[in-house]
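Student: I've got a structure open here. Can you walk me through some of it?

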Amino acid sequence: MTAELATDRRAAPAVPILEVRELSKSFPGVDALKRVSFTVGAGECHALVGENGAGKSTLCKCVIGEYSRTSGEVLIGGEVMSPHFDVADSQKRGIAAVHQELQLAPELTVVENIFMGKYLTRGPFVDRAAQRARAAELLDDLGVTMPLNARVKDLRTVEKQFVQLARALASDASLIVLDELTAVLPEEDIEKIMAIISRLKAAGKGIIYISHRLDEIFEICDTYTVLRDGEHVENGNVAGLTKDRLVELVAGRPLDSVFPPIASPQPVPLLEVSELTSDSFTDVGLTVNAGEVVGVAGLVGAGKTELLRALFGDYALEKGTITVKGKRLTRLTPRKAIAHGLGYIPDDRKSLGVNGALSVGRNASLSAIRKFSTGPFVSRRQENTAARAILAKLGLKYRSLTQRILSLSGGNQQKVVIAKWLLADTDIFLMDEPTRGIDVGAKSAIYELITELTAAGKAVLLVSPEVEELIGLSNRVYILYEGKVRDVVTGARKDQPTITAGILGI
């Protein structure tokens with residue numbers, strides 16, 4: 001590491017990099033945060049933990065000056081900040097934020113993105129050679145390499161996160177806010193991010209870390225603050241915490257069993273696939289019975305998502321047969337799939353699962369809109385009545401059917417995605433990472449919902465990167481390796497070592 005980054009932690013000042021005292025934030029009609037306090041010191045990774053909508057992102061926006069606080073204090077390096085300080089003020093004092101939603105210019109290069117808005121100059125000119133050398137140095141400090149002249153749009157997601165981290169270091173940040181940095185990353189890339197955070201801590205940087213992945217918190221974080229419904233629940237040291245205790249703090253109740261009991265399926269095949277082949281998978285065969293959850297495991301690139309898309313008629317097939325409830329389907333399209341009782345819950349909820357321009361109610365009814373239509377006319381009364389009923393059944397938290405779908409938490413958005421398929425009389429649910437990016441409480445609700453679906457005789461084909469989730473929910477698990485079914489595990493073989501070994505091709 002460079003001398004600049006490799007700060008001696010023993011020489012760190014006693015004054016915390018950041019101190020938040022009794023911070024509250026109110027919006028019209030809503031108290032988003034209530035009397036939250038915590039500190040972050042040099043070389044410390046502090047976890048902000050809570051369910052979706054608990055106030056974590058709002059708190060971070062108050063810390064970096066994107067929101068003005070209603071009451072309380074924010075101290076940076078011991079200096080009390082004005083209630084109306086802004087992002088430019090926090091950046092001048094060494095605060096930087098890296099968000100899950102990338103804030104990069106896709107057409108610009110790696111170097112140009114790192115120094116965008118804060119160019120290195122020689123006289124009146126941008127010093128491109130100095131920027132290139134400094135970019136290489138910053139990436140080396142992070143322990144990563146990538147082509148500096150590559151356009152950001154051509155990078156992998158994890159590489160784009162590396163660029164954002166390098167940009168934070170280029171601003172000489174002493175505190176970096178990492179908001180859901182790993183939510184959309186596979187396990188192998190998450191390990192790289194964990195290694196980078198360790199390097200930043202060793203260099204004396206302070207980290208605020210937001211993640212729903214509890215294992216990451218126990219791996220990398222030193223201290224924690226739990227928020228629930230905007231209220232400050234508890235601070236403490238991670239070393240004195242257990243996962244069960246953290247789950248109870250986040251959810252506000254003990255979760256005696258994370259996964260509901262697995263039901264016995266009915267011997268009635270709802271979905272049968274034989275010799276299914278595309279450019280992403282080869283000769284895939286599987287069966288999903290009524291009342292059954294069938295898991296699909298594999299590394300990124302193994303063909304899992306493409307398989308689900310193909311079964312929904314949204315991915316080109318070269319050969320193979322798809323039989324739904326005893327009827328062989330040919331020339332499958334999404335419209336035909338829906339008509340035969342299939343529903344697809346994609347891994348990218350915001351881009352593919354919901355329509356961000358529409359309301360909660362219309363998103364819930366979208367796949368079943370013909371039920372409420374006479375010719376070109378839609379009965380808004382019937383549509384709203386049906387939407388309210390299904391959302392109430394799912395326990396959705398929302399203000400009004402007319403509110404924008406993107407104003408909901410991630411877990412509640414996922415419930416709306418499932419709701420639209422329930423209204424469409426779906427029998428076979430194709431679920432691609434349905435709990436991605438949602439908190440432990442919302443995960444538990446999704447697990448219970450999956451159990452209710454199978455109890456009603458529905459079938460679920462479940463893709464998940466979490467082996468524990470596949471074991472806890474599935475009757476059996478198909479393992480895809482390089483596009484082929486490598487193994488099918490069930491019974492006593494349905495365990496972590498067997499599935500992990502299959503995923504890795506061991």
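Tutor: Start with L271. Leaving out residues up to four places away in sequence, L271 touches L286, T287, V288, L311, I322, T323, V324, I428, L430 and L461. Contact means heavy atoms within 4.5 Å.

Student: Is L271 buried or exposed?

Tutor: L271 counts as buried because its relative accessibility is 0%. Buried means under 20% relative accessible area, with a 1.4 Å probe and protein chains only.

Student: Which strand is L271 in?

Tutor: Strand 13, residues 269-277. Strands are DSSP runs of E, at least two residues, numbered from the N terminus.

Student: What should I know about the model itself?

Tutor: The model is predicted: local features need pLDDT of at least 70, side-chain atom pairs count only at pLDDT 80 or more, and totals for chains, interfaces and linings use all residues. Residues are numbered from 1 along each chain as its sequence is written, and side-chain values use heavy atoms, leaving out hydrogens and water.

Student: New topic. How many residues of strand 23 are buried?

Tutor: 5 of its 6 residues, so strand 23 (residues 476-481) is mostly covered.

Student: Which strands does strand 23 pair with?

Tutor: Strand 15 (residues 293-297) pairs with strand 23 in the parallel sense, over 4 bridges. Strand 24 (residues 484-490) pairs with strand 23 in the antiparallel sense, over 6 bridges. Pairing takes at least two DSSP bridges between two strands.

Student: Which residue in strand 24 is the bridge partner of Y478?

Tutor: V488. In the hairpin of strand 23 and strand 24, 2 residues lie between the strands, and E482 takes a positive phi near 50°.

Notes
Buried means under 20% relative accessible area, exposed over 50%, partly exposed in between (1.4 Å probe, protein chains only).
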